[in-house]
Amino acid sequence: MTGNHKDTSITRRRALVVSGGTVAAGGLAVAGFQSAFADTTDGTDADATASASSTSSECMTLMTSVTEGPYYLDGALVRKDITEGKAGVPLTLRLTVVDATDGCTPVKGAAVEIWHCDAWGYYSGYTTANPGGSAPAESEEGDSANDRTYLRGYQIANASGVVKFETIFPGWYTPRTCHIHVKVHTGGEKEDGTYEGGIVNYTGQLFFDDDIAEEIFALEPYSKHTGSYTVLADDMVYDGGGASSGLLTLKAVHKKDPSKGYKGSLTLGIDPDAENTGAGGGGGGTPPSGAPSDAPTGTPPSDAPTDSASPSASASS
């Protein structure tokens with residue numbers, strides 16, 4: 001398998017404390033092997049927990065310059081389950097936000113925002129942007145997800161600084177490895193179903209062990225997207241620092257059946273007084289066909305979810 005060459009000129013002042021957690025997820029059926037991984041299997045047991053060494057006794061400030069990427073949209077909904085019926089291997093994500101400037105005390109009320117692509121590499125709001133390789137059109141998935149809101153959402157941290165999301169394991173798009181985008185906001189408040197005001201303290205990305213991704217992408221519906229998948233070592237954003245660079249701790253719900261889902265966890269050390277623009281280094285991976293010409297503007301269609309507000313729209317590049 002060929003991946004993209006990492007830009008070694010990219011540097012980032014980054015230090016992040018990470019720790020594990022446990023959560024639960026559901027199931028999917030196993031399909032054939034995804035050819036994109038054919039040359040990278042090294043025999044590692046994909047059922048094992050994927051984690052890097054962490055310094056749980058210390059707390060370091062994450063000085064972030066990681067880009068928010070080309071697929072960000074304002075106005076994501078506050079909700080735990082962001083799937084909207086999108087097919088994929090279940091992933092329950094547990095993120096803990098702590099104040100790195102105050103002894104790693106929990107940041108109660110922090111708004112954690114995540115967004116990622118679906119199993120075939122498509123993002124809501126950009127469903128005609130080519131994910132690279134060979135993949136069916138997003139419209140062929142046949143789900144009921146709203147094209148401008150799926151796989152995006154906020155959760156508000158509890159007294160322990162913890163948020164949990166129910167989602168699916170992301171797919172991939174050229175030239176990026178599998179990842180989830182994340183922002184931490186403070187100082188705002190929930191309003192009309194979304195989060196308004198305050199500042200962004202942290203913009204980052206969460207990553208997945210290659211061996212686990214290999215097994216996931218062998219399953220339906222992921223296996224319908226074939227091509228040259230970029231491994232961690234060749235990614236333009238991941239810098240090889242393990243958990244300190246956003247590598248999630250992952251644990252299979254069922255050791256012998258990856259289709260049953262994964263639990264993912266990470267602790268984010270932030271400075272609640274710092275502001276981050278999301279325009280950091282590392283590149284975000286320009287969509288293969290360039291910036292989508294159908295980038296959303298104005299209000300979403302009338303079939304948006306009725307139980308909460310829908311995103312208003314501004315795309316970042």
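**Strand 1 and its partners**

Reply: Strand 1 and strand 5, the latter spanning residues 162-168, run antiparallel and are joined by 7 bridges; within this pairing, arginine 94 stands opposite lysine 164 of strand 5. The model is a predicted one, and in it strand 1 covers residues 90-99, of which 9 out of 10 are buried, so that the strand is mostly covered, buried here meaning under 20% relative accessible area.

Strand 1 also pairs with strand 9 (residues 262-270), to which 9 bridges join it in a parallel arrangement, and here aspartate 99 is found opposite isoleucine 270 of strand 9. A further antiparallel pairing, made by 2 bridges, links strand 1 to strand 2, which consists of residues 105-106; in this pairing valine 98 has proline 106 of strand 2 as its bridge partner. Strand 1 and strand 2 form a hairpin with 5 residues between the strands, and in this hairpin glycine 103 takes a positive phi near 65 degrees.

As for the cysteines, the structure holds 0 disulfides. Cysteine 117 is in no disulfide, and the nearest cysteine sulfur to its own, that of cysteine 178, lies 6.7 Å away, whereas a disulfide would require the two sulfur atoms to be within 2.5 Å. Cysteine 178 is likewise in no disulfide, its nearest cysteine sulfur being that of cysteine 117. Cysteine 117 is buried, with a relative accessible area of 2%, and cysteine 178 is buried as well, with a relative accessible area of 0%.

Notes
Residues numbered from 1 in each chain as written. Predicted model: local features only at pLDDT ≥ 70, side-chain atom pairs only at ≥ 80, totals over all residues. Heavy atoms only, no water. Buried < 20%, exposed > 50% of the residue type's maximum accessible area, 1.4 Å probe, protein only. Helix = DSSP H or I, 4+ residues; strand = E, 2+ residues; numbered from the N terminus. Pairing = 2+ DSSP bridges.
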